Amino acid sequence: MKKICFAIPVHENRDVIKDQLENIRYFCPNASIVFFQSGQDPNLCNGLGIPVCPTSFPMVWGQDFSWFFLNVMEWLENSGYEYDYFINLDSDSLFTKKGFEEFIISEMEEFDFMGADVKIVPPDDEWWGPAKFMKKVWHLWQPIFNTEHFYACFGSQVFSRKFVKELLSFNKFEDMKKMMKQTEKEVFALEEMLFITLANSLGVKTKTYPHNVGKWMRYLPKYTEQEVMDAINNNEKCYLLHPVHRLMDDPARKFIKSLIQ
């Protein structure tokens, strides 16, 4: 069976971190997990038994997440870490059904990238999200990507190892990192556009999550207990939910925990 590596940026609340680890180990028992320590507490991940990216640093919400991706990818490749698919997980994501590993392996058989709600963003598009910030600096980014439009997606992005290797050997990789530093304060959630656009620039085969799976990854609102119960009772393809409150007494989190037997 091909191996999935989940990369998680963690910044606070060890109880919630341990709860997420238990959740992943139950619902995705064959996957491996690595951390990016993105908070201020240097001891946050001690004793949890999870490898921590050595180039971790405290991140600013909405600005630094592209560096989380790159730093972890470079670390995994430089250390010879074994994986077939790299998937980012937010710390407020939880699984509610088994089968996600098999789903990923099946969906990615002929593809090298998958994200939720993948879309092209032409210059005249009025989409409100992070694209409105990217449009202001697209003239700086366009020569790096050499594409007519940029792209956007959401959720836990899936990279084949083949794509990770191509990404890290991109002939404009250093220019790309310089542009990330130059525009990181101007472009909110760059990671939602950077990697899907680069995939199209490199000719990588991309796809969007099937709607019945991808719809469970959203920006807001946080999931309620009733929503999760209804999804389970209706046998929805709710493998992965985002966002769930990072509070141990949150009713939705407590219900999801009750699913672990």
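Start by selecting Glu225, Val228, Met229 and Ile232 in helix H9, then Pro251, Ala252, Phe255 and Ile256 in helix H10: these two groups meet, where contact means heavy atoms within 4.5 Å. Helices (H or I, at least four residues) and strands (E, at least two) are DSSP runs, numbered from the N terminus. Now show all of H9 (residues 225-233) and H10 (residues 251-258): they pack at an angle of about 35°, with axes 7 Å apart. Axes here are lines fitted to C-alpha atoms, for helices over the stretch in contact, and angles run from 0 to 180 degrees between N-to-C directions.

Before moving on, a bit of housekeeping. This is a predicted model, in which local features need pLDDT of at least 70 and side-chain atom pairs count only at pLDDT 80 or more, while totals for chains, interfaces and linings use all residues. Residues are numbered from 1 along each chain as its sequence is written, and side-chain values use heavy atoms, with hydrogens and water left out.

Next, click on Ser66, which sits in helix H2 (residues 65-78). Is Ser66 buried or exposed? Ser66 is buried, with a relative accessible area of 1%; buried means under 20%, exposed over 50%, and partly exposed in between (1.4 Å probe, protein chains only). Leaving out residues up to four places away in sequence, Ser66 touches Met180, Leu190, Glu191, Leu194 and Phe195.

Zoom in on Met176 and you'll find Leu70, Trp141, Ile144, Phe170, Leu194 and Leu198 touching Met176, not counting residues up to four places away in sequence.

Last stop: Ile4, in strand E1 (residues 4-10). Ile4 is buried too, with a relative accessible area of 1%. Then draw a C-alpha to C-alpha distance from Ile4 to Val158: they are 154 residues apart in sequence, yet 9.4 Å apart in space.
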